[in-house]
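Please read them with the model open beside you.

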Amino acid sequence: MKTNNVILETATRILLFIILVFAIDIFFAGHYYPGGGFIGGLIFAGALVLLLITYDIKTVAKFLPFNYLVVIAVGLLFAVGTGIGGLLFGKAFLTHWFTYVDFPILGKLSLHTAVLFDIGVVLVVIGTAMAIIQTIGESD
Amino acid sequence: MNNSLIVLPLLIPFITAIILIFFRKNIPVQRLLSVIGSVLTIVAASFLVATVYTKGIQTTNLGNWEAPFGITLVSDMFSALLVLTTSIIALVCLLYSFHSIEKSREEHYYYPVLFFLILGVNGAFTTGDIFNLFVFFEVMLMASYVLLAIGGTKPQLRETIKYLLVNIISSGLFVIAIAYLYSIVGTLNMAHIGMRLNEMGQSGIVTVIAVLFLIVFGIKGAIFPLYFWLPGAYYVPPAPVMALFGALLTKVGVYAITRTYTLFFTQDVAYTHGLLEVLAILTIIIGAIGAIAYSDVKKIIIYNIIIAIGVILFGISSFTAEALTGSVFYLIHDMIIKAALFLLIGIIIKIAGSSNLKEMGGLINRYPGLAWTYFLAALALAGVPPLSGFIGKVLIIRSGIEAGNYWGSGVVLMSSLFVLFSVMRIFINGFWGEAREYKNEETVPVKRLLVAPVILTICAVLYGVGTEAIYPIISLAAETLSDPEIYINAVLKE
């Protein structure tokens, strides 16, 4: 007999959105408030895990067709690339820059290359968490 | 000071490893890229050695933060030489892997993981920050767990569990040791720690921490009571992985002991270095017993690693300029020759289909090239004069005798005899005697496999013959070790 998960599926649709927004908020808050790439990535992966619980691995793989090991590699490239950026401008490896820019609606914001490094961290964390869960989930 | 050359031997393997992840199924591309990556690493490391030789110690402050506050990478002659040796061994093991690793292993990220291992080893040799050293240790260990487990045969998995357990415990101890040290000196930069410990003078807690560090690095480097995990763990992986492990992993532990015992803990030398000396001698004895006891070629070479670690640490514990020169000489020699020997016995085992000495014989008739390469490598290992193992041991023994340490020097001298006996047993039982028929010998590409160990043996011979030319470089390395002020000044007072 097939169980009907209509409550779980409906709740997931709403919760997923909230969790993802929370993850992105935590990620961008990292420079001034508690948070950052690692915890943001884990919460993001947590949202994906909720999807895996609600649906099965194949369905999730269908609408998120990523090879998570490649996601890890891309994340590492982001991190190394930020470091090499420092080298290219004649400074030491991993030197960062920031500047203040006035945006029309958001106002004065500081843009920092450390965010690029953090995007790398986020991708690696999501990739690692999902790769572990998928590998364990798929093997019988 | 901005000096990006130091970063290159770390960056190149790292980027190579990342790019290799994208080409999982495309093995020809993986091979091509990995050769390019490791050749570039060698070029960068050679430039680094040349720069350090002409311009003195090189440092770079990552992220442009001044020395004690940011992470500093420091390349003195000692670490630059080790990085160069590591890069050469990496290339050679790669060349060997092409003809000996199965496709299933290659497709499961063998090459990327290998480059992460090189990244970890090169990073551990180059870093000037004690916590960064821990991180690079972990990078190296994680990669080694994967290399040990990859393939997934039953003995591999069994030994991986043991190896994992031992290394997780020692990493935990490492963090605790750093925490103790940090609570006392309040800094993590190695030069700064050295300076502060010197200013504080002798106190009991520093000696305790020194012993704690010896335990931590002793587990990594397999010294006497802490070597128990090594014979099993190094027995199971395939030959090129075994060569990488035998040549690099334990030597990082030895490097870390050397660095901490020459830079940090120089106040209570009588106790700390005395303890190191006793342990080194016991390590040599245990290794010699093991090397003679087994009639299994892998075990014999594995116990020879333990002997060599004892010899190097005995030189470090003497703490004179001459003994340190000897240790550096012997360390580099041992990395090269151990890799060569592991690759050679890898070929022998492939031909014979067994690692038991009693099941082989008469190989010299059909494989004279293999036989004489092995013979040369064995003589170099034992330290027969024109070859590479000689000068290091002579310096270590001479300074031991000058210090009145007849017992220790005697043990080192005797150990050469046991080393020679153990490796010659392989030569006599394996290569001489009656020729046998081996089942799967037709399928072994001996000539192509032989390229890698021949390169290393040539390196070892040149290293021995060219001692006169290399001596100034090595003594420069020992000079920074015997006088920590040079290192501290280079990092902190730019």
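1. A patch, as the word is used here, is made of residues with over 30% relative accessible area and no salt bridge, in which like charges are joined within 9 Å and nonpolar side chains (Val, Leu, Ile, Met, Phe, Trp, Tyr) within 5 Å. Accessible areas come from the Shrake-Rupley method with a 1.4 Å probe, and for residues only the protein chains shown count as cover. A salt bridge is a side-chain nitrogen of Lys or Arg within 4 Å of a carboxyl oxygen of Asp or Glu.

2. The model is predicted, so local features need pLDDT of at least 70 and side-chain atom pairs count only at pLDDT 80 or more, while totals for chains, interfaces and linings use all residues. Residues are numbered from 1 along each chain as its sequence is written, chains are lettered from A and ligands numbered from 1 in the order in which they are written, and side-chain values use heavy atoms, with hydrogens and water left out.

3. On the surface there is a nonpolar patch formed by A:Val74, A:Leu77, A:Phe78, A:Leu116, B:Ile19, B:Phe22 and B:Phe23, which together have about 500 Å² of accessible area. Helix H4 (68-88) of chain A and helix H1 (8-22) of chain B each supply at least two residues of this patch, and H4(A) gives the most, with three; helices (H or I, at least four residues) and strands (E, at least two) are DSSP runs, numbered from the N terminus. A:Val74, which has its place in helix H4 of chain A, is partly exposed, with a relative accessible area of 31%; buried means under 20% relative accessible area, exposed over 50%, and partly exposed in between (1.4 Å probe, protein chains only).

4. Side chains of opposite charge can pair when their charged atoms come close. Over all chains, the count comes to 10 salt bridges. One of them joins B:Glu107 to B:Lys25, with the closest N and O atoms 3.8 Å apart; B:Glu107 lies in helix H4 (residues 103-107) of chain B and B:Lys25 in the loop between H1 and helix H2 (27-55) of chain B, so this pair ties together parts that are 82 residues apart in sequence. B:Glu107 counts as buried at 16% relative accessibility, whereas B:Lys25 counts as exposed at 56%.

5. B:Glu107 also forms a salt bridge with B:Lys103, where the closest N and O atoms are 3.4 Å apart. Because B:Lys103 and B:Glu107 are four residues apart in helix H4 of chain B, they are separated by about one helical turn. B:Lys103 is exposed, with a relative accessible area of 53%, and a network of salt bridges links B:Lys25, B:Lys103 and B:Glu107.

6. A further salt bridge is formed by B:Lys251 and B:Asp334, whose closest N and O atoms are 3.3 Å apart. This pair links distant parts of the chain, with B:Lys251 in helix H11 of chain B and B:Asp334 in helix H14 (residues 321-352) of chain B, 83 residues apart. Both B:Lys251 and B:Asp334 are buried.

7. Helix H11 (residues 239-263) of chain B has 25 residues and reaches 36 Å from its first C-alpha to its last, close to the 36 Å expected at 1.5 Å a residue, the expected span being 1.5 Å times one less than the number of residues. A kink of about 30 degrees in H11(B) is centred on B:Phe245, where the bend at a residue is the angle between axes fitted to the seven residues ending there and the seven starting there. Since 25 of the 25 residues of H11(B) are buried, this helix is largely enclosed by the rest of the structure.

8. B:Asn64, in the loop between E1 and strand E2 (72-75) of chain B, has a positive phi of about 60 degrees although it is not a glycine, and at 38% relative accessibility B:Asn64 counts as partly exposed. B:Ala222, in the loop between helix H9 (204-221) and helix H10 (230-233) of chain B, likewise has a positive phi of about 60 degrees without being a glycine, but B:Ala222 is buried, with a relative accessible area of 0%.
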